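Here is my note on the model you asked about. Please keep it open beside the text as you read.

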Amino acid sequence: MQALTDNALMLQVKSGQLDKLGLLYERYKKQLFGFFYHMNSNAALSEDLVQNVFVRIMKYRHTFTGDGSFAAWLFRMARNVSYDHFRKHGSLNKRADLDEINYKLSDSESFESEGDKQDQIKQLQWALNKLSPEKKEIIILSKYRELKFKEIGEILNCSEGAAKVKAHRAIQDLRKMFLQQKK
């Protein structure tokens, strides 16, 4: 039996086969948890937000058209759930635990020891936390979640080119903050 695509499953959920949502949940719960956790560093809150996304999918399943990527539609919804939560409960916690993120520093970077590597990670964490939530989000989507710019454009409701520009600017700002911290 051939596995159904995410779009096909969501179209079945839209048509009333609500049991198919469980398959989508299994496919995406870890990715959504990682997205939320890297935005707010709170595991319990991240679990709650994942649940809220799937509740919202049930509520707004009629809006899914199947034209674009399901992942883009899902992460746009996740983004809205996150914004709604922080709008209701206060500002976004800008702390992110980057110890679990294996960001690739440029090939020219070399680490003398494990201690130097940990210092670099802490400096990167500091720099990421200094960015606006929007820039932090696009870095997480593009570098950690490794979404395509077309999907990021769908999530941010902009063109693929605009998503590339936003990601490039966010990386530039991250680099500036990182280098500022090193001084």
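Buried means under 20% relative accessible area, exposed over 50%, and partly exposed in between (1.4 Å probe, protein chains only). This is a predicted model: local features need pLDDT of at least 70, side-chain atom pairs count only at pLDDT 80 or more, and totals for chains, interfaces and linings use all residues. Residues are numbered from 1 along each chain as its sequence is written, and side-chain values use heavy atoms, with hydrogens and water left out.

1. Start with N157. N157 is exposed, at 66% relative accessible area. It sits in the loop between α7 (149-156) and α8 (160-182). Helices here are DSSP runs (H or I, at least four residues), numbered from the N terminus. N157 is not a glycine, yet its phi is positive, near 60°.

2. Now S41. This residue, also not a glycine, has a positive phi of about 60°. Its place is the loop between α2 and α3 (43-60). S41 is partly exposed, at 26% relative accessible area.

3. Is H38 buried or exposed? H38 is buried, because its relative accessibility is 2%. It belongs to helix α2 (residues 21-40). A polar atom of its side chain lies 2.6 Å from the backbone oxygen of G34.

4. Last, a helix pair. The axes of α6 (residues 133-144) and α7 come within 10 Å and cross at roughly 145°. Axes are lines fitted to C-alpha atoms over the stretch in contact, and angles run from 0 to 180 degrees between N-to-C directions. From α6, the contact (heavy atoms within 4.5 Å) uses E137, I138, L141 and S142; from α7, F149, I152, I155 and L156.

Key. Helices (H or I, at least four residues) and strands (E, at least two) are DSSP runs, numbered from the N terminus. A polar contact is a pair of N or O atoms within 3.5 Å; within protein, one must be able to donate a hydrogen and the other to accept it, and residues adjacent in sequence count only if both atoms are side-chain atoms.
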